[in-house]
Amino acid sequence: LGSSHRSAIFLYCIRPRLLVPTLGRGAVAAAARGAAAACLVVLPASKVAGLAPLGSMTTATAVQRNGSRNSASPGATRSRAAIVKKEDASTLPEIATASAKAAAAKANGEDTALSSEKHSGPSDSAAILQIYLLSGARGVFQMSRICMGPLVVSMSFEFGYTTEQKGQILSAFAAGYALTQIAGGLAADRLGGAPVIMFGLLTSGLSLFLLPWAAEAGLVQVWWLLWAMGFTQGPTYPAQLVTTAKWVTGSLRSYASALGAAGSTAGALFALGLTPIISSRVGWRQASYLMGVSTLLFGVIWWCLGSSRPPFRSDVDSGLAAATAPSTTSGKGSGSWSEILLRRVKLLTSLPVLAVYFAHSVHNFSRYFLTGWMPTYYNDILHASADNTAVQLMIPDIIGLTMSFVAAHLGRTLQQRGFLSALGVRRVFASIAFLGAALGLVLVAQARSVLGVTASLCLVHGLATLQGLGFGASYLDVSRHNSGLVTGVGNTVATLASFASPVFASWVLTLNGSDTNGFEDWQRLFFAFAASNIAGGLVFVPFV
């Protein structure tokens, strides 16, 4: 269509009362939504961003213009032209301002289509409530997973697990977790994230309740229980990111991602800090029960307050999002399964997406080594008591939690004030996180005292949490229409690294041919994980 025809369609769509002035308000609104969806197929996104709000023209003006259009007299025609000229002139500054804002949002890496929906989006208070709920869910899932690190130390005293067997137990969760990421992402895209998250909370809580009985039955039963727990919890991570993408836009993406990292750190803090203390006081079984109760209680909160999307999203998803989504019907064969598969393969194998996947894998590789094996290191090498170990493991996570909140506000401020673009925020914070974690691990390898190791871990955890603004936020930027798929594949790859991490650690520690490990064996291990962080930074920053 020519520009004049598109302008005509545009005016008719945003002025529904001109077409049907006698219809009721509900019918007019329905007609307007249908017409707007059709228009968006024709109009570019930059035009859509400049839409004036619906119903901005008064009813009197609508009736006057409608009556003028039905009149054939030259005077009526001149009157109608004067009204159109006056009204269009009054809306030009609004359209220009909106277009400028949309261009600025696009320059900062934001989705202009989403920016144009800001006037009809959820309120900040509603979005922030969901951000905190999602952060809490992330923390609870992390707690239920990481508590196995301290628990396996106490269980080893009772059941006599070897180093190899401890590595198998710590990798069981990841073995199941990796299998359901993609299916979970697709399910969250289709069904919404809230029911997927609720199912994961229920099964995780029940699994922790059953852990003592499985331990009594044998090592195989423990492995399969943790595998099943990982299998059912696997879909929850992509579901969380899909839900976040529905609720937040613009600079809130960085804020939400950073708070998600804060929730993860808080869950680790709760698990690593309380589990050893409870285990030494009343037993590891009671500690497992407490983690299960905490998980189920949060499930009740999520059931009452959690939501897959804002209420307005039901209309947006069927109209605006569908109209602005990549076409699957235009062009010969473009809607076939082969064409859809080809587009998804191209998306998943693009350099930015692969860079995000690699960074995520490196982060998980280091993180789950530290959460799984550091309790053993404090106990076997540094000879710290259970209470002292709990305190020492809490301090780095407290630093990490504090840094997460600081980074959330700092990243949002830098982006809002124009100091850094969205991509600039991702690169800067990811670089600091990778280099800081590598330096901290080198210092851990050199430290010989409990306080020295803890101080070095504070550097590792404090800076690693900045990845919430690094690769974590990049998941929200990569794809708007396939976020569940992209996240599911990415977390599958990263979970394979989580699975390999404890197995790799147990392999390195037994290279000396003995089940007893010395300081030199652990030092070699810390250097290997430091090198992996350097590799993560070298791949992510140039290619994202």
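I count a contact when heavy atoms come within 4.5 Å. With that, I looked at contacts in the chain between residues at least 6 apart in sequence, and 84% of them join residues at least 24 apart.

Ground rules, before I forget. This is a predicted model, so local features need pLDDT of at least 70 and side-chain atom pairs count only at pLDDT 80 or more, while totals for chains, interfaces and linings use all residues. Residues are numbered from 1 along each chain as its sequence is written, and side-chain values use heavy atoms, with hydrogens and water left out.

**Entry: the chain overall**

Next I checked burial: buried means under 20% relative accessible area, exposed over 50%, and partly exposed in between, with a 1.4 Å probe and protein chains only. Of the 544 residues, 51% count as buried. The chain exposes about 23500 Å², with carbon and sulfur atoms supplying 67% of that. Areas are from the Shrake-Rupley method with a 1.4 Å probe; for residues, only the protein chains shown count as cover.

**Entry: salt bridges**

How many salt bridges does a search of the whole structure find? I get four, taking a salt bridge as a side-chain nitrogen of Lys or Arg within 4 Å of a carboxyl oxygen of Asp or Glu.

I started with Glu-216 and Arg-285, whose closest N and O atoms are 2.4 Å apart. Glu-216 sits in helix H12 (residues 193-217) and Arg-285 in helix H16 (residues 284-305), so the pair ties together parts that are 69 residues apart in sequence. Arg-285 is partly exposed, at 22% relative accessible area.

Then I looked at Arg-281 with Asp-387, where the closest N and O atoms are 2.8 Å apart. This pair links distant parts of the chain, from helix H15 (residues 252-282) to helix H21 (residues 386-416), 106 residues apart. Arg-281 counts as exposed at 56% relative accessibility, and Asp-387 is partly exposed at 28%.

Asp-521 pairs with Arg-524, the closest N and O atoms being 3.1 Å apart. Both lie in helix H26 (residues 519-543), three residues apart, about one turn of the helix. Is Asp-521 buried or exposed? I find Asp-521 buried, at 8%, whereas Arg-524 is partly exposed at 38%. I also noted that salt bridges with shared partners join Glu-158, Glu-216 and Arg-285 into one network.

**Entry: cavities**

I ran a 1 Å grid over the protein atoms alone; a cavity is a set of points where a 1.4 Å probe fits but cannot get out, and lining residues have an atom within 4 Å of a point. Of the 43 residues that line the largest cavity, the closest to its centre are Arg-138, Tyr-237, Ala-261, Ser-264 and His-363. The elements that give two or more residues to this lining include H8, H15 and helix H20 (351-380). H20 gives the largest share, eight residues.

Key. Helices (H or I, at least four residues) and strands (E, at least two) are DSSP runs, numbered from the N terminus. On a 1 Å grid over the protein atoms alone, a cavity is a set of points where a 1.4 Å probe fits but cannot get out, and a pocket is an open set with protein on both sides within 12 Å along at least five of seven lines; lining residues have an atom within 4 Å of a point.
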